[in-house]
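Here is a short report on aromatic rings. Look over the model first, then read on.

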Amino acid sequence: MGDGRQMERGAAPPVADQAGASADKRPRTARGQRTQRAILDAAALEFGEHGFHATSISGITRRAGVALGSFYTWFDSKDAVFRALVRDMSDQVRDHVAPAIRAAPDQIAAERAGLEHFLEFVRGHKEIYRIIDESEFVDPESFRLHYCSTADRIRERLQAAAARGELIDGVGEVHAWAIMGMNVFLGLRFGVWAKDAPTAEIADQIAAMLARGLGRG
């Protein structure tokens, strides 16, 4: 959650790659991709509403409108679909914010755009918080990968901006984790708990703070 500027290197991978499916379970047809997508979307709602332990594979398949056998075509177990879902939701956040970040005229504007679009994403996908938080206990490796990969993308874009002369020298991992943590908790407060402030106004305030703390102006 709370992502940034690293989709520049190419288009998003197909859903099978996003889901982390094993090579023999990657959909090779459009129909297979649609089925796997339906299962992941249904799993997000089921895990988001009921939590990992109370969610069942049959509940996921009923919600997805697919046969139980179709589930096992793409996923080996409930644990497997949960791991795939953590990766998939992380990729969805990245893909949602990346175009706005790429279009920004400078790095402070990019951070502002990324936060605003992240908040908008959270408001439409509140289940992401329960799923990511629960992954710390269900699948710690996925939990760690989600945050470490997000922080790495932020760090890379901050350092690239510093090299262009847009930010202060010395930006790095600490700044990346601080920005990510800030975005995560802003998403919790203004995306999950309440929508009592416009996302644009929140993003404006944070951009002003970052400009004073990281900008050269």
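## Aromatic rings

Phe 82 is buried, at 0% relative accessible area. Buried means under 20% relative accessible area, exposed over 50%, and partly exposed in between, with a 1.4 Å probe and protein chains only. This is a predicted model, where local features need pLDDT of at least 70, side-chain atom pairs count only at pLDDT 80 or more, and totals for chains, interfaces and linings use all residues. Residues are numbered from 1 along each chain as its sequence is written, and side-chain values use heavy atoms, with hydrogens and water left out.

The structure holds six aromatic pairs. Rings of Phe, Tyr and Trp (its six-membered ring) pair if their centres lie within 6.5 Å; planes under 30 degrees apart count as stacked, over 60 as edge-to-face and the rest as tilted. Two of the pairs are set out here.

| Pair | Centre to centre | Angle of planes | Class |
|---|---|---|---|
| Phe 47 and Phe 82 | 5.0 Å | 85° | edge-to-face |
| Phe 71 and Phe 75 | 5.7 Å | 45° | tilted |

Phe 47 lies in helix H2 (residues 30–50) and Phe 82 in helix H5 (residues 78–103), so their pair ties together parts 35 residues apart in sequence. Helices (H or I, at least four residues) are DSSP runs, numbered from the N terminus.

Phe 47 is buried too, at 0%. Phe 71 is buried at 0%, and Phe 75 is buried at 3%.

Phe 47, Phe 52 and Phe 82 form one aromatic cluster. The charged end of Lys 78 sits over the Phe 52 ring, 4.5 Å from its centre. The cut-offs for this are NZ of Lys or CZ of Arg within 6 Å of the ring centre and within 35 degrees of the ring normal.

How values were computed
Helices (H or I, at least four residues) and strands (E, at least two) are DSSP runs, numbered from the N terminus.
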